[in-house]
Structures are given as C-alpha cells and as structure tokens.
Amino acid sequence: IPSVTYSPSMLLGDHARLCRAVGVLRSLHVSGRAFVAGNFDSFQTIAHYMSCNISHQYEVPELLQQHYPATVDAIRASVGERHLVPCHNDLVPENFLEAAAEPGSSALPHLYLIDWEYSGLNDFWWDLASLSCELDFGREQDAMLLGLYFERPPTALEQTRLLQFKVLVDFTWSAWSCFMHGSKNCSQDHWSYGLRRLARAVENTSRPEFLAQ
C-alpha cells in the first residue's frame, strides 16, 4: 500500500495529523478488541525488566535504583483501581502509516497503526503517555493532547495522571535499555537512550502536580 510513515516532526507540525492519530487511539481504546497476547501491564513490565537486570547482574544507573520501586509504587497507589482497555503500547510516530490519497478523492486517506508486538490490555494512559514522551511534549502540549483525546478541556487530575504515566513509561524503557545494553544488543546506543529517558522521568517527578490528587 503506498503510504507515508509519520515522524515526530510531522505530528508536531501538522495539527490535523495529530488529531487523526489521537482519534485512532481513542477508537482502539473503546473497541473491546481482544489480544492473543493478553495483558501488557504497566507496572508488571518495569518489574520484569528490573528483575531481569538484577538476575543477570546487568548495570543499572544509580538514579533508576533510587526511584525504583519507591516512585513506581507511589504512582500505583495514586492510580488506585485500574480499568484496562485494548492498547497498542508502542506508540512511536513511525507506527502510524497514512495511505496515499486516492486521485480525485476528497476523502481523508486511511490511517493505519502497525507493529502490534506489545499490544494487549493496559491502562489507556500508557498509550497517551507514550505518544507524549515520543513527541517530548511539555505541560501545555499535554493539556492540548488530552483535550483532543477527551474532546473537552482536561481536569487537573487527568493532567496529573498523564504526567505519572509519562514517568512510568520513561522508567520502563530506561530499565529495558539497561537490559538491552547488558545483553550486548548493539543495534543502537541503548545506554545513552535509557539515560535520556531516565533524566526526563526524574525531572517530571519534581513537578508539583506529579502526585497531586
């Protein structure tokens, strides 16, 4: 299928495309879709990677050790009861493919979401947080993202919840990066990648709304 692969710059520079991407997520989350793989649990995933790092004696940054499990447990306590829905769980912009427009057609081209390796039931906040992290959104952009998703201005609690899951997402992929680095996966500089995500996560924990109720 002739298509255009989205990139961070495309979503950052084209509000209409960002709206469509958020709409695809919203449709997925209410779809009731079942996954063969089952669940992708936000809290169990980081626990899994940290356990692997410990059992293999892989290096873990001291900063991550300072925040895991205490900060993650604080997020879990703040979230409370969870409602799991179908999620993609790997929301890099490059997983959105926009089909080429039909010649002479005024209809919007179809938008595909690909690479379902991590898909499963999860908190819908994980997908929103993942997209926000990939686009390196700040406070005002997060409020805009939530407004697109809920189709109304977000509440203070919703902004806090998104921030908490952004921290969880960054901590998780930082722990994953330690595992990839320790297992000598040389496809990219996983160590530096993980440190960047870790630094952003820690910075976000210092925001006053991080554990606000």
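Is Phe124 buried or exposed, and what is its relative accessible area? Please set the answer in the context of the aromatic rings.

Reply: This is a predicted model, in which local features require pLDDT of at least 70 and side-chain atom pairs count only at pLDDT 80 or more, while totals for chains, interfaces and linings use all residues. Residues are numbered from 1 along each chain as its sequence is written, and side-chain values use heavy atoms, with hydrogens and water left out.

Phe124 is buried, with a relative accessible area of 19%. Here buried means under 20% relative accessible area, exposed means over 50%, and partly exposed lies in between, for a 1.4 Å probe and protein chains only.

The structure holds 15 aromatic pairs; rings of Phe, Tyr and Trp (its six-membered ring) pair if their centres lie within 6.5 Å, and planes under 30 degrees apart count as stacked, over 60 as edge-to-face and the rest as tilted. One of these joins Phe40 and Tyr118, an edge-to-face pair with 6.0 Å from centre to centre and 85° between the planes. Phe40 belongs to the loop between helix 2 (15-29) and helix 3, and Tyr118 to the loop between strand 4 (111-113) and strand 5 (120-123), so the pair ties together parts that are 78 residues apart in sequence. Helices (H or I, at least four residues) and strands (E, at least two) are DSSP runs, numbered from the N terminus. Phe40 is buried at 8% relative accessible area, whereas Tyr118 counts as partly exposed at 21%.

The ring of Phe124 pairs with that of Phe150: the centres are 6.2 Å apart and the planes stand at 85°, so this pair too is edge-to-face. Phe124 lies in helix 6 (residues 124-134) and Phe150 in helix 7 (residues 139-150), so that the pair links distant parts of the chain, 26 residues apart. Phe150 counts as partly exposed, at 22% relative accessibility. Arg152 lies over the face of Phe150, at 4.7 Å from the ring centre; a charge sits over a ring if NZ of Lys or CZ of Arg is within 6 Å of the ring centre and within 35 degrees of the ring normal. Arg33 likewise lies over the face of Trp116, at 4.7 Å from the ring centre.

Phe40 and Tyr118 also belong to one aromatic cluster, together with Tyr49, Trp126, Trp173, Trp176 and Tyr193.
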